[in-house]
Amino acid sequence: MTQATLLHGAKRGALDALGIPLIVLLGGMTGYGALAHDSGIGLGLATLATVLVWGLPGQIAMLELENAGADLLAITIAVGMANMRFFPMSVALLPTFGRHAGGIIGRMFQSQIMSASSWAFIMRPTAPVEARARVGYHVAFAAICLTLAVIGTTAGYYGAASLPRPLALALLFVNACFLLLLLVDIRQRGALVAIVTGIAVGLPANLYLPDFGLIVTGVIGGTVGFLAWTPAKTGPSA
Amino acid sequence: MSGLEPHGPELAVLAAVLASFGWRALGVVFANRIDPDGPVFRWFTCCSYAILAGLLTRLLVLPIGELSEVGLSIRLGAAALGVAVFFASGRNLLIGVLVATGAFAAAVAWL
């Protein structure tokens, strides 16, 4: 466990982030920036939300509800439900860093910079396995993603008026499409079962329990996937 | 227009930040007590994947805002095309995303 391990992980994280996440993040956050502009929210606030909320579905829910005049409780619940995935994702990610994530502040930092993309990428079999390299990978990956997200938010905000409607809508769609392809690329049996179950349960749960559908989906899908988990493949190799 | 004037947007962002941060902080607290080789860790990993899948159904099938104005067949058709191209191209994420998003934009423009 050397500094070289950390730097090697960081290099791999940076290279991965500068691939497809670059396009998806720039696209998705440009769509968000345009939406923020049309909602009448300031660029500073829109960018602050990008960095601190750091979850596009929650950010869009916030804008839509704020724009519709919803009260704070409704916004808090909607964003909280859209972003509650960060709870199990943090639990599943942080132990793979061992003691190299640092103390409570370091772990909070890792959790705060984590996104669906950084989580999904570091859980892939191609990501570093050694804990220190994983820390470097995650920090570099997330730092580049955050930078791209801020650039995308700003570009979308200033370019909102000139965006043709099909392109503006496509920029909102690109994030869902990326998430879909990341999920269909999963090969670990338990995770795959969790995903399939999540889709099957997610439809009626989100339809009939819009506030708590994701929690129900996560618990049912996660439990079914857990029961189907292949013991030989555990942890980061999911 | 916001129903929270004059500080509606600021309070909305604050609420969104706290709502997200709370889950992350809770995750950090739990993570400190979990063995990465144990069953609880595996269960949380599976729950994460299931929630992402649930979120995906919400984004594709039950979106809010402007995406909901686009027909379900366009959203699902473009997504299915992206998956097909993804596998046909040897699991190339870039090609899959570009084809799906391009097909989506074209369908919105012409249909």
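Colleague: Rings of Phe, Tyr and Trp (its six-membered ring) pair if their centres lie within 6.5 Å; planes under 30 degrees apart count as stacked, over 60 as edge-to-face and the rest as tilted. How many aromatic pairs does the structure hold over all chains?

Modeller: This is a predicted model, in which local features need pLDDT of at least 70 and side-chain atom pairs count only at pLDDT 80 or more, while totals for chains, interfaces and linings use all residues. Residues are numbered from 1 along each chain as its sequence is written, chains are lettered from A and ligands numbered from 1 in the order in which they are written, and side-chain values use heavy atoms, with hydrogens and water left out. Over all chains, the number of aromatic pairs is 12.

Colleague: What kind of aromatic pair do A:Phe87 and B:Phe30 form?

Modeller: The ring centres lie 5.2 Å apart, with 85° between the planes. The pair crosses between chains, from helix 6 (residues 86-93) of chain A, which holds A:Phe87, to helix 1 (residues 8-31) of chain B, which holds B:Phe30; helices are DSSP runs (H or I, at least four residues), as strands are (E, at least two), numbered from the N terminus. The pair is edge-to-face.

Colleague: Is A:Phe87 buried or exposed?

Modeller: Buried means under 20% relative accessible area, exposed over 50%, and partly exposed in between (1.4 Å probe, protein chains only). B:Phe30, at 37%, counts as partly exposed. A:Phe87 has a relative accessible area of 13%, so it is buried.

Colleague: Which residue lies over the face of A:Phe86 at 3.7 Å from the ring centre?

Modeller: A charge sits over a ring if NZ of Lys or CZ of Arg is within 6 Å of the ring centre and within 35 degrees of the ring normal. The charged end of A:Arg85 sits over the ring of A:Phe86, 4.6 Å from its centre. At 3.7 Å from the ring centre is B:Arg24.

Colleague: Which residues are linked with A:Asp185 in a network of salt bridges?

Modeller: B:Arg91 and A:Asp185 meet at 2.7 Å, N to O; B:Arg91 lies in the loop between helix 3 (72-88) and helix 4 (93-110) of chain B, so that pair joins two chains. A:Asp185 also forms a salt bridge with A:Arg187, at 3.5 Å between the closest N and O atoms. A:Arg187 is exposed because its relative accessible area is 58%, whereas A:Asp185 is buried at 12%. The network links A:Asp185 with A:Arg124, A:Arg187 and B:Arg91.

Key
Salt bridge = Lys/Arg side-chain N within 4 Å of Asp/Glu carboxyl O.
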